[in-house]
Amino acid sequence: MNNNITKAETIDFTKARLVSTYHDLNKKFIEPLDVYTRLGRKLQMTLDVNQVIHIFMEQLFELVPFDHFEYYAESQGIQLGSARRNTHSCDYHLSLPHEDLGNLKLTRAKKFKEEELAIIENLLTALMYPLRNALLYKLAIDSAMTDPLTQIGNKRSFESHFSREAEIAKRHSHQLSLIVMDIDKFKHINDSFGHAAGDQILQQVVKTAESVCRKSDLIFRYGGEEFVVILRETGLSGAFIIAERIRKSVEKTRCFVSSREIPVTMSLGVSTFHPDETLDSFFERADSALYDAKNSGRNRTRTRTIYSDTSETIDSKSA
């Protein structure tokens with residue numbers, strides 16, 4: 001086998017070089033089969049993809065030292081490790097019948113020996129089914145956390161991220177802000193143009209919001225026509241600016257259903273987390289600011305702080 005592999009190889013379990021593998025393993029272990037057995041047991045103890053890969057890499061490193069590794073499964077947006085440029089590498093496409101499990105790449109300065117490549121291939125057979133199970137589990141969790149229409153996180157996903165981000169903000173004394181936003185007169189759109197048109201509007205609004213938000217911002221569909229954005233390390237003024245970008249972009253976006261243009265606007269409420277308050281209080285302030293925006297004419301952004309029961313003077317229509 002050429003050690004400078006330029007084309008990914010699919011593992012063929014029926015042709016794994018077991019004799020060479022066990023011969024090399026015998027040099028290090030009294031019972032080489034135990035290595036494979038122990039690894040298989042460890043891998044079956046978790047359904048976390050990250051843990052599965054790292055357990056495997058730790059065992060492999062004991063037998064075949066390497067400088068860097070990279071595992072990636074594009075279909076699920078997973079990338080672990082970092083395979084830097086190096087003199088020698090081996091690259092494996094991992095798969096089972098009708099199932100793509102991703103790719104694994106190892107790099108190091110020293111040339112890989114044939115016996116080492118055989119060890120890698122043999123140990124990969126212990127990885128396949130635990131990795132498949134972990135990927136299926138992640139897919140199931142992601143599906144349960146994803147809104148099927150807009151393909152962003154749903155309310156359940158928001159609640160999970162919300163508590164975690166608040167804890168991180170408190171621990172590291174970081175700012176954290178929230179935008180709660182709602183499509184104006186959405187019921188009228190559904191009643192006038194039909195629910196299919198409403199679905200198209202929801203999808204378009206999400207695309208527009210994603211196009212103006214930062215990569216670090218997290219967008220969720222909270223329910224119906226209501227959405228929430230979590231803004232990491234962002235204070236009230238910064239959150240207001242982002243909320244205004246969303247509002248103005250949605251207002252400018254031309255939404256067509258059956259060649260007919262439907263005007264769409266949004267109202268938005270903004271709040272910033274205070275370490276001494278509860279998550280309910282944090283969310284309720286943003287939600288109250290949203291209703292202030294709706295009650296004061298719609299298509300605007302309002303803010304609320306922990307020190308005030310009424311919306312602040314920052315107002316997109318009066319600023």
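These legends go with a set of close-up views of one predicted model.

**View 1. The whole chain, before zooming in.**
Start with the overall picture: the chain has nine helices and 12 strands. It runs to 319 residues, and 47% of them count as buried. If you look at contacts between residues at least 6 apart in sequence, 63% join residues at least 24 apart.

**View 2. A nonpolar patch out on the surface.**
Here you see Leu47, Tyr137 and Ile141, which form a nonpolar patch with about 260 Å² of accessible area together. Leucine 47 sits in the loop between α2 and α3. Is leucine 47 buried or partly exposed? Its relative accessible area is 41%, so it counts as partly exposed.

**View 3. Strand β8 and its two partners.**
Strand β8 covers residues 226-232, and six of its seven residues are buried. It pairs with β6 (residues 176-183) in an antiparallel arrangement, through seven bridges. In that pairing, serine 177 stands opposite leucine 231 of β8. β8 also pairs with β7 (residues 218-223), again antiparallel, over five bridges. There, glycine 223 stands opposite glutamate 226 of β8. β7 and β8 make a hairpin with two residues between them, and glycine 224 in the turn has a positive phi of about 55 degrees.

**View 4. Isoleucine 183 and what surrounds it.**
Isoleucine 183 belongs to strand β6. It has a relative accessible area of 1%, so it counts as buried. Methionine 266 is 83 residues away in sequence, but the two C-alpha atoms are 4.5 Å apart in space. Beyond neighbours within four places in sequence, isoleucine 183 contacts Ile201, Leu202, Val205, Glu225, Phe227, Val264, Thr265, Met266 and Lys294. Lys294 turns up again in a network of salt bridges with Asp182 and Asp184.

**View 5. Two loop residues with positive phi.**
Most residues other than glycine have a negative phi. Histidine 98 has a positive one, near 65 degrees. You'll find it in the loop between β4 and β5, and at 88% relative accessibility it counts as exposed. Lysine 185 isn't a glycine either, yet its phi is positive at about 50 degrees. Lysine 185 lies in the loop between β6 and α6 (186-193), and with a relative accessible area of 53% it is exposed as well.

The model has 15 salt bridges in total. In one of them, the side chains of glutamate 116 and arginine 108 come together at 2.5 Å, N to O. Glutamate 116 is buried at 11% relative accessibility, and arginine 108 is buried at 5%. Another bridge joins glutamate 165 and arginine 232 at 3.0 Å, N to O. This pair links distant parts of the chain, 67 residues apart, with glutamate 165 in helix α5 (residues 155-172) and arginine 232 in strand β8. Glutamate 165 is buried, at 7% relative accessible area, while arginine 232 is partly exposed, at 31%. A further bridge connects glutamate 167 and arginine 171, with the closest N and O atoms 3.9 Å apart. Both residues lie in helix α5, four residues apart, or about one turn of the helix. Glutamate 167 is partly exposed at 38%, and arginine 171 is exposed at 53%.

Conventions: Residues are numbered from 1 along each chain as its sequence is written. This is a predicted model: local features need pLDDT of at least 70, side-chain atom pairs count only at pLDDT 80 or more; totals for chains, interfaces and linings use all residues. Side-chain values use heavy atoms; hydrogens and water are left out. Patches are made of residues with over 30% relative accessible area and no salt bridge: like charges are joined within 9 Å, nonpolar side chains (Val, Leu, Ile, Met, Phe, Trp, Tyr) within 5 Å. Accessible areas come from the Shrake-Rupley method with a 1.4 Å probe; for residues, only the protein chains shown count as cover. A salt bridge is a side-chain nitrogen of Lys or Arg within 4 Å of a carboxyl oxygen of Asp or Glu. Buried means under 20% relative accessible area, exposed over 50%, partly exposed in between (1.4 Å probe, protein chains only). Two strands pair if DSSP finds at least two bridges between them. Contact means heavy atoms within 4.5 Å.
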